[in-house]
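Colleague: I am new to this structure. Could you walk me through how to read its features?

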Amino acid sequence: MRKFRVQVNGNIYEVEVEEIGAYTQAPAPRVAAPSAGPAPTPAQAQAAAAPAASPTAAPNPAPAAQGAGAITAPMPGVVLDIRVKPGDKVTPNTVVVMLEAMKMENEIFAGRNGVVREVTTTKGASVNTGDPLVMIDPA
């Protein structure tokens with residue numbers, strides 16, 4: 001068994017991890033209460049957590065935008081309304097699409113200054129995370 005100190009969301013925990021390949025009769029795993037000791041640096045916390053990481057670490061990142069000026073769907077949903085058309089000038093705070101997801105209406109903003117080149121979705125369309133909605137050229 002190896003002992004590590006891990007910081008999770010600002011709380012410090014001491015954990016014991018069994019080394020794979022070592023045949024020992026180990027007691028059931030336990031997690032100690034948060035300690036009041038000094039917090040390790042992020043590098044120390046990552047080094048301590050690395051051996052205990054599970055093989056299924058992180059989910060795949062969202063697909064890359066199709067083109068530099070693509071505004072993509074941040075979540076799966078249904079397009080309720082398209083608030084811009086090709087040729088419209090937009091600012092970072094311009095709502096370009098209304099997307100319904102999980103029974104909530106979500107405003108999708110342009111996020112940059114520019115001119116709408118193309119609307120790549122339609123009203124009522126179902127979209128997945130990362131699907132392009134609107135293409136914006138820099139102003």
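Colleague: Which residue forms a salt bridge with K85?

Modeller: The general idea is that side chains of opposite charge can pair when their charged atoms come close. In this predicted model, the partner of K85 is D88, with the closest N and O atoms 3.2 Å apart. K85 is exposed, because its relative accessible area is 53% and the cut-off for exposed is over 50%.

Colleague: Where is D88 found?

Modeller: D88 lies in the loop between β4 (77–82) and β5 (89–90). Its side chain also reaches the backbone nitrogen of K85, at 2.9 Å. Beyond its neighbours within four places in sequence, D88 is in contact with G114, V115 and V116.

Colleague: How many salt bridges does a search of the whole structure find?

Modeller: The search finds four. One of them joins R83 and D81, at 3.0 Å from N to O. R83 has a relative accessible area of 44%, so R83 counts as partly exposed. D81 is partly exposed too, at 25%. Another of the four links E14 with R5, where the closest N and O atoms are 3.3 Å apart. E14 is partly exposed at 25% relative accessibility. R5 is partly exposed as well, at 37%.

Colleague: Now the strands. What is the order of the open sheet of four strands?

Modeller: Strands of a sheet pair through backbone hydrogen bonds, either parallel or antiparallel. Here the order is β3-β10-β8-β5, and the pairing is antiparallel. The edges are β3 (70–72) and β5, each of which pairs on one side only.

Colleague: How many bridges pair β8 with β10?

Modeller: Five, in the antiparallel sense, with β8 covering residues 114–119. Take V116 as an example: its bridge partner in β10 is I136.

Colleague: What does L133 touch, not counting residues up to four places away in sequence?

Modeller: L133 touches I71, T72, A73, V97, I108, V119, T120, T121 and V127. Of these, V97 and I108 are also on the list of core residues that touch the most other members.

Notes. Residues are numbered from 1 along each chain as its sequence is written. This is a predicted model: local features need pLDDT of at least 70, side-chain atom pairs count only at pLDDT 80 or more; totals for chains, interfaces and linings use all residues. Side-chain values use heavy atoms; hydrogens and water are left out. A nonpolar core is a set of buried Ala, Val, Leu, Ile, Met, Phe, Trp, Tyr and Cys residues joined through side-chain atoms within 4.5 Å. Buried means under 20% relative accessible area, exposed over 50%, partly exposed in between (1.4 Å probe, protein chains only). Contact means heavy atoms within 4.5 Å. A salt bridge is a side-chain nitrogen of Lys or Arg within 4 Å of a carboxyl oxygen of Asp or Glu. Helices (H or I, at least four residues) and strands (E, at least two) are DSSP runs, numbered from the N terminus. A polar contact is a pair of N or O atoms within 3.5 Å; within protein, one must be able to donate a hydrogen and the other to accept it, and residues adjacent in sequence count only if both atoms are side-chain atoms. Two strands pair if DSSP finds at least two bridges between them.
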